[in-house]
Amino acid sequence: METHDLLPADTRFKILVFLGSMDEESRIAVINTLADELSSSRGFLQTYPTDGQTPSPMFDLTTIVVGNKENFNYLNVPPAFRPRWFKVLLDDTGATGSEGGGGYKRLDTSSESITFVIVRPDGHMGMVAAAGALQDAHEYFASFLLSCHCSTRL
């Protein structure tokens with residue numbers, strides 16, 4: 001699958017989450033903590049509801065994981081990072097071994113870190129942030145979106 005096929009111009013922000021490898025327990029703990037933060041009421045997926053829907057449909061999240069197709073289970077990816085089963089991609093070669101894989105290397109992304117790539121609705125890159133800079137992503141959206149912490153509809 002080509003990256004541009006994941007990013008149709010459909011008025012939504014595309015959030016590409018490069019989780020890296022999920023082989024070590026220590027990384028899984030970090031990923032789970034990040035998922036909790038992202039899906040909390042303070043996370044940008046919850047802060048900007050559309051018609052009361054959270055997570056907001058203005059965000060289209062796709063997660064890309066490094067792994068081996070022989071032993072990878074997408075259910076190990078925290079629910080915050082897998083809104084639909086087809087939104088979790090594995091960076092590995094296809095069944096024939098002749099195509100696919102190598103996406104992290106081509107994009108110069110480390111499989112040992114977590115990276116967020118935000119693509120604007122017009123297809124331009126909005127920002128790239130390491131997971132440790134998740135607050136920067138919150139501030140990016142806060143600079144032009146209005147948050148709503150309403151519990152009732154008017």
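**Figure 1. Aromatic pairs in the predicted model.** By the ring-centre rule, with centres within 6.5 Å, the count comes to 11 aromatic pairs in this predicted model. In one of them, Phe13 and Phe141, the ring centres are 5.2 Å apart and the planes stand at 85°, so the pair is edge-to-face. Phe13 belongs to strand 1 (residues 13-21) and Phe141 to helix 4 (residues 134-142), so the contact ties together parts that lie 128 residues apart in sequence. Phe13 and Phe141 are both buried. Trp85 and Phe86 form another edge-to-face pair, with 5.7 Å from centre to centre and 90° between the planes. Trp85 counts as exposed, at 60% relative accessibility, and Phe86 is partly exposed, with a relative accessible area of 47%.

**Figure 2. The aromatic cluster around Phe13 and Phe141.** Ring pairs link Phe13 and Phe141 with Phe44, Phe59, Tyr140 and Phe144 into a cluster. Tyr140 and Phe141 are among the buried residues of helix 4.

Figure 3. Strand 4 (residues 115-119) has 5 of its 5 residues buried, so it is largely enclosed by the rest of the structure. Thr115, Val117 and Val119 lie on one side of the strand and Phe116 and Ile118 on the other; both faces are covered. In a regular strand, side chains alternate between the two faces of the sheet. Strand 4 pairs with strand 1 in the antiparallel sense over 5 bridges, and Thr115 is the bridge partner of Phe18. The pairing of strand 4 with strand 5 (residues 125-130) is antiparallel over 5 bridges, with Val119 opposite Met125.

**Figure 4. The turn between strand 4 and strand 5.** Strand 4 and strand 5 form a hairpin with 5 residues between them. In the turn, Gly123 has a positive phi of about 90°.

**Figure 5. The largest nonpolar core and the surroundings of Phe116.** The largest nonpolar core has 31 residues, of which Ile15, Leu19, Phe44, Phe59, Phe81, Phe116 and Phe141 touch the most other members. At least two residues of this core come from each of strand 1, helix 1 (25-39), helix 2 (44-47), strand 2 (59-66), strand 4, strand 5 and helix 4. Leaving aside neighbours within four places in sequence, Phe116 is in contact with residues including Ile15, Leu16, Val17, Leu34, Leu38, Phe81, Met127, Val128 and Leu134. A second, separate core of 6 residues includes Leu16, Phe18, Tyr104 and Val117. In soluble globular proteins, nonpolar side chains tend to be buried together.

**Figure 6. The buried face of helix 4.** Leu134, Ala137, His138, Tyr140 and Phe141 are the buried residues of helix 4. Seen down the helix axis, these buried residues fall within an arc of 160°, so they line one face of helix 4. They pack against strand 1, helix 1, helix 2, strand 2, strand 4 and strand 5.

**Figure 7. Backbone at Thr11.** Thr11 lies in the segment before strand 1. The phi of Thr11 is positive, at about 70°, although this residue is not a glycine. Most residues other than glycine have a negative phi. Thr11 is exposed, with a relative accessible area of 67%.

Notes: Residues are numbered from 1 along each chain as its sequence is written. This is a predicted model: local features need pLDDT of at least 70, side-chain atom pairs count only at pLDDT 80 or more; totals for chains, interfaces and linings use all residues. Side-chain values use heavy atoms; hydrogens and water are left out. Rings of Phe, Tyr and Trp (its six-membered ring) pair if their centres lie within 6.5 Å; planes under 30 degrees apart count as stacked, over 60 as edge-to-face and the rest as tilted. Helices (H or I, at least four residues) and strands (E, at least two) are DSSP runs, numbered from the N terminus. Buried means under 20% relative accessible area, exposed over 50%, partly exposed in between (1.4 Å probe, protein chains only). Two strands pair if DSSP finds at least two bridges between them. A nonpolar core is a set of buried Ala, Val, Leu, Ile, Met, Phe, Trp, Tyr and Cys residues joined through side-chain atoms within 4.5 Å. Contact means heavy atoms within 4.5 Å. The arc is that of the directions from the helix axis to the C-beta atoms.
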